[in-house]
Amino acid sequence: QVQLVESGGGLVQPGGSLRLSCAASGSIFSFNAMGWYRQAPGKQRELVAIITSGGSINYIDSVKGRFTVSRDNAKNTVYLQMNSLNPEDTAVYYCNADPGIDWGQGTQVTVSS
């Protein structure tokens, strides 16, 4: 089964940027879609952004205009460019596929001054 490894998180000040990467151990081309999720302390995991195999993209309202999802099928990697970060974006960020596979370890994003 394809395994996913997220990276790129860290501590950033409000208004800052981060670029997350999700590297797959195998091809992501066959999946219907790849998505970025996040889970904040005490909250349920939520889908933040999704990109289909055909290139269609959707975001939750709270990140529209600030986050950009992209994929590189040749590198089996999905990216999440996050700009204008605010403390409400603090969470562990995960990626997953559709259909779903085992979750990776995620990458912590902390937005704080």
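Trainee: What order do the six strands of the open sheet have?
Mentor: The order is β2-β10-β9-β4-β5-β6, and the pairing in this open sheet is mixed. Strands here are DSSP runs of E with at least two residues, numbered from the N terminus, and two of them pair if DSSP finds at least two bridges between them. Bear in mind that this is a predicted model, in which local features need pLDDT of at least 70 and side-chain atom pairs count only at pLDDT 80 or more, while totals for chains, interfaces and linings use all residues. Residues are numbered from 1 along each chain as its sequence is written, and side-chain values use heavy atoms, with hydrogens and water left out.

Trainee: Which strands stand at the edges?
Mentor: Those are β2 (10-12) and β6 (57-59), each of which has a single partner strand, so one side of each is left without a neighbour in the sheet. From one strand to the next, the twist averages 20°, with axes taken as lines fitted to C-alpha atoms and angles running from 0 to 180 degrees between N-to-C directions.

Trainee: And how many bridges join β4 to β9?
Mentor: Seven bridges join β4 (residues 33-39) to β9 (residues 91-98), and the two strands run antiparallel. Within β9, Asp98 is the residue that stands opposite Ala33.

Trainee: Switching to rings, how many aromatic pairs does the structure hold?
Mentor: It holds two, where rings of Phe, Tyr and Trp (its six-membered ring) pair if their centres lie within 6.5 Å, and planes under 30 degrees apart count as stacked, over 60 as edge-to-face and the rest as tilted. Tyr37 and Trp103 make an edge-to-face pair, at 5.0 Å centre to centre with 85° between the planes. That pair links distant parts of the chain, since Tyr37 lies in strand β4 and Trp103 in the loop between β9 and β10 (107-111), 66 residues apart.

Trainee: Why is the pair of Tyr94 and Trp103 edge-to-face?
Mentor: Because the planes of Tyr94 and Trp103 are at 80°, with ring centres 5.8 Å apart. Tyr37, Tyr94 and Trp103 therefore belong to one picture, since they form one aromatic cluster.

Trainee: Is Tyr94 buried or exposed?
Mentor: Tyr94 is buried, with a relative accessible area of 11%, whereas Trp103, at 39%, counts as partly exposed. Buried means under 20% relative accessible area, exposed over 50% and partly exposed in between, using a 1.4 Å probe and protein chains only.

Key
Helix = DSSP H or I, 4+ residues; strand = E, 2+ residues; numbered from the N terminus.
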